[in-house]
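Please consider the structure shown below. The questions that follow ask on what grounds particular terms are applied to it.

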Amino acid sequence: MEDSPQHLGHCMVDMKELSANPEGLTAAGVFLTPKLPRVEFSLACHDLVASGRDRKPNALVQVAVIDPHKQHLITHTCTEIVEANKDPLFLTGVTFPSEYPPSPETLVKLTVYDAKYKSQESSSFLGSATFSVDDLLRAKDERLSLSLRSSDGVCAAGTVVVSRLKMGEMEEVDVDHITTDIPSQKCPLVCESASHACIDRENNPLTGPVFKNPVCKVYRFQTVDSKWMLVREQMEECTLSFGIPKQLLSLYIREDMSRLQELRELGELSPHWDNLRKEVMTRYGGIISSYQETLAELDKITGRSFKPSCCKAQKSLEFIPINLHTQRMRVTCPRKTDAFYDIVTVGAPAAHFQGFKCGGLQRLLSRYEAEKKSFSTAYQCIYYSPEHTAKAQEVLSTMSLLQPLITSLADQLLQAAQEHSSTGLKDALKNLSDKTEQFVHTLKDELVKSALLALHAAQPGYVSKNQKQTPVQADQHQGHILQRSDQNQSPVQGLLGHSPATSVTESTVVCNNVEGSQTTTRGEGGPLPLKHQDSIPHHKEYDEEEWDRVWANVAKCLNCVIAMVDKLQEEESSKQESVPEQQLADVITSHNPGDWREQLCPLVARLKECVMEVVEKAKKAMTFVLLQEAACSIPQGFVLQQRRDVVFSQAVGGNTELAALACGFIMRLYAGMQDKGFLRQLHLVGLVAQFESLLSTYSEEIGMLEDMEVGISDLHRVMFKITEAKTDDLSDLQPLVCGRRDHFTVEVPLPRLVFQTLPEQIKEGKLLQVFPVLFNVGINEQQTIAERFGDISLQERINQKNFEMLEAYYKSLSEKVPVECLPCFQTQTDIKELLETLGQNVVTKKRKNVEILWIAGTICRRLNGIRFTSCKSAKDRTSMSVTLEQCALLRDEHQLSKDFFLRALDCMRREGCRIENVHKNIRCRKYAFNMLQLMAFPKCYRPPEGTYGKVDS
């Protein structure tokens with residue numbers, strides 16, 4: 001081939017539409033940027049002359065753009081190879097890159113080659129032709145027929161036909177002199193629809209902050225009824241690749257620094273426990289320092305929005321998802337509404353920098369839990385189960401959320417009393433009661449009570465009320481208490497509910513509703529007064545019933561507030577009934593609005609004081625639980641936590657997975673903004689996020705799969721919330737992550753006019769749930785080894801478990817959302833039948849049963865879900881899967897001709913967005929396969945000849 005500059009890997013013409021109805025989007029406040037008509041064209045050749053007269057050429061056309069100002073050649077794109085045909089019609093079309101928008105003066109050079117061995121490297125020059133964009137626009141029917149000039153300048157190499165393409169309804173135009181090996185084939189032109197408009201993603205307030213650097217490819221394929229469809233692929237990077245992990249790192253640092261402060265606030269501990277605390281604090285300090293360094297390195301990176309696969313094991317980028325991209329296929333068929341199919345591709349969310357010598361998270365966590373009991377004995381700690389630890393984190397998280405909320409609602413109650421507003425008082429009291437009840441229910445747990453005793457036993461001068469014990473003996477005794485305690489006790493049924501150890505007569509708060517006052521008394525049990533005090537008594541006997549009285553006082557204080565509000569409203573009602581109507585206005589005007597506030601203020605203040613006292617005690621107790629869990633896990637627990645943070649970040653996910661999930665959620669939200677059924681499903685049930693994995697269960701990849709399984713499972717801790725953006729500025733439309741490791745919320749801001757079109761439940765801030773499921777089927781040569789000589793139980797267990805989760809999601813969806821809310825497809829197979837088929841395939845012992853992936857993907861799309869595809873780097877196997885899925889959709893939903901299926905697959909793999917993805921990652925247009933590997937691949941996952949080879953991946 002002729003020498004030419006390096007191929008550009010970022011052409012862009014068509015921006016992804018958010019809806020098939022752009023006018024509706026304009027009305028909703030999404031401002032569309034007017035654009036000049038796009039120039040896209042298809043190519044065909046006639047009467048090509050091969051270098052050898054005894055054979056027909058394997059033709060391909062290389063397209064280059066000549067910059068009219070700089071006068072240099074920019075290699076732009078290339079068609080697929082059409083074998084043994086002197087009159088080839090190319091299915092791959094041509095678009096223009098955003099860096100070189102076409103002007104009338106823009107020159108396009110077409111060079112035709114004969115690829116002798118199905119490889120562009122072995123091609124020979126046949127001829128070339130040049131035209132300007134102005135020539136094409138002015139031509140009749142916007143079609144040019146150009147003579148090809150051979151190397152000696154003689155116009156005898158054949159003819160190339162350039163036909164302009166436009167989006168919209170398609171019509172057939174006979175081009176009699178263009179023929180192919182398919183009988184009666186016609187060359188399509190596309191007529192522009194007057195009602196169709198283009199949405200520019202980069203200038204669009206919804207998509208601009210999230211998606212960038214688009215790559216667009218265009219094709220034309222024939223349907224079973226000899227009509228033509230126009231297909232566009234568009235692949236984009238996602239700014240969340242770096243944005244989400246950086247936010248998560250900041251949250252991790254803040255959470256761990258808060259944990260350090262809580263450990264300091266535990267107070268004086270015995271020497272043994274104090275030494276453990278210091279060691280744990282040192283470990284936390286190390287993690288904080290490491291995360292701060294990583295964050296500082298990421299802050300230095302500007303302009304990048306994806307991590308190439310060659311950097312997967314780079315320390316400074318370990319939190320960044322590998323090769324995260326979105327891809328949309330848009331299909332335009334004659335007299336049909338355009339269809340869109342979205343997918344997110346990302347490298348396996350795994351701790352590549354830390355390696356897989358000892359396995360992945362699933363194996364490491366199982367081994368860690370099994371060994372933690374022996375660690376607890378060696379470190380003289382109390383063993384807390386994962387359920388206890390999770391409960392302690394839940395209590396801390398709930399208290400940090402509810403305590404300031406209760407304080408704020410109490411202030412609102414006083415404000416309503418100040419304004420003498422009966423309605424406002426009633427509403428504020430209801431909200432305060434609901435949150436306080438939730439607060440009390442959270443704290444009525446045996447773990448809190450037993451942890452307080454354990455903490456007291458860990459302090460100097462401990463004396464048991466029941467018996468004299470050493471601190472270690474007390475710890476061991478308390479561990480026995482924990483193991484036999486009933487964690488499934490029923491919640492408090494009423495706000496005045498109390499522990500059996502506390503009688504109603506022992507209440508420290510007594511309300512005198514008649515006098516409207518409150519007094520503090522000491523019951524028979526001698527409860528402590530409500531004044532502020534140290535949460536744990538030192539150097540004296542510990543009263544095990546104290547906690548029951550303390551948390552019960554919160555409910556009793558609230559009951560006093562409720563009684564006072566009832567009394568005030570009854571008095572107000574009786575006054576209004578006793579006064580004639582004509583004097584009612586005078587009575588209201590003359591009433592002192594401060595009376596209600598003055599009577600409520602002491603009771604509200606006492607409620608706040610009780611809440612603070614409970615928070616202080618419970619916070620120390622739960623911190624002590626987490627201290628012991630951390631102390632028991634010092635040998636490896638902190639390393640596992642870091643690994644889990646890394647994996648989570650990449651997936652959304654954890655860290656990696658969170659970025660991918662957030663990207664997929666936003667992409668799906670934008671696409672469904674005008675679909676009322678989708679929005680209803682979103683707030684009533686939530687969305688399913690289906691992860692397809694092609695990892696093998698052998699060698700390092702089994703560790704990656706173990707990491708991926710835990711990371712995707714952790715996505716259950718993520719909720720989404722749609723908010724109204726402060727302004728329409730792009731910086732105010734960036735997603736925001738908040739929360740802590742046990743629960744994250746991703747806030748997705750929308751412009752005001754768009755936000756106003758959402759259902760009320762979403763506008764009111766309802767948290768939206770995503771249900772992640774993972775299906776894995778290995779397809780490479782390593783999976784062949786695993787199936788014949790190794791162990792595939794991990795894959796079988798993952799698929800069975802996630803099938804059950806998908807089945808449960810569908811059951812919940814069918815109970816809450818009518819079937820009309822789900823999208824319509826040409827294939828009429830019932831979702832129940834698809835689930836039954838999937839279940840049968842999951843339990844069937846069949847090697848490389850990729851039908852599991854196909855059926856799971858189909859179900860996901862039928863359920864309005866979010867599709868993800870992953871392999872080690874989301875580059876090679878992922879490309880085979882994405883292109884196969886796209887062609888299968890064209891066949892099943894748009895009647896792609898069987899004769900064109902393999903040609904379409906070849907086009908997408910040879911010249912489509914996925915080969916551009918390969919080039920972006922490794923600067924080479926070769927899939928990283930060799931012939932031996934491909935012999936083990938299912939046939940439909942093998943790339944075209946000439947597109948693969950040994951390269952660095």
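**Terms and their grounds in a predicted model**

Q: Why is Glu706 called buried?
A: In this predicted model, Glu706 has a relative accessibility of 5%. Buried means under 20%, so Glu706 counts as buried. Glu706 is found in helix H16, residues 700-714.

Q: Which residues is Glu706 in contact with, leaving aside its neighbours within four places in sequence?
A: They are Gly359, Gly360, Leu361, Gln362, Arg363 and Leu794. Contact here requires heavy atoms within 4.5 Å.

Q: What makes E1 and E7 paired strands?
A: Two strands pair if there are at least two bridges between them. E1 and strand E7 (residues 159-165) have seven bridges, in the antiparallel sense, so they meet that condition. In one of these strands, E7, Arg164 is the bridge partner of Phe41.

Q: Why are strands E1 and E6 said to stand at the edges?
A: The open sheet has three strands in the order E1-E7-E6, with antiparallel pairing. Strand E1 (40-46) and strand E6 (143-147) each have a single partner strand, so one side of each is left without a neighbour in the sheet. From one strand to the next, the twist averages 20°.

Q: Which residues touch the most other members of the largest nonpolar core?
A: Of its 140 residues, these are Phe439, Met622, Phe665, Leu682 and Phe720. Helix H12 (residues 594-632) supplies the largest share of this core, 18 residues. Another core, of 64 residues, lies apart from it and has Val773, Leu889, Phe900 and Leu934 among them.

Note on methods. Residues are numbered from 1 along each chain as its sequence is written. This is a predicted model: local features need pLDDT of at least 70, side-chain atom pairs count only at pLDDT 80 or more; totals for chains, interfaces and linings use all residues. Side-chain values use heavy atoms; hydrogens and water are left out. Helices (H or I, at least four residues) and strands (E, at least two) are DSSP runs, numbered from the N terminus. Axes are lines fitted to C-alpha atoms, for helices over the stretch in contact, and angles run from 0 to 180 degrees between N-to-C directions. Buried means under 20% relative accessible area, exposed over 50%, partly exposed in between (1.4 Å probe, protein chains only). A nonpolar core is a set of buried Ala, Val, Leu, Ile, Met, Phe, Trp, Tyr and Cys residues joined through side-chain atoms within 4.5 Å.
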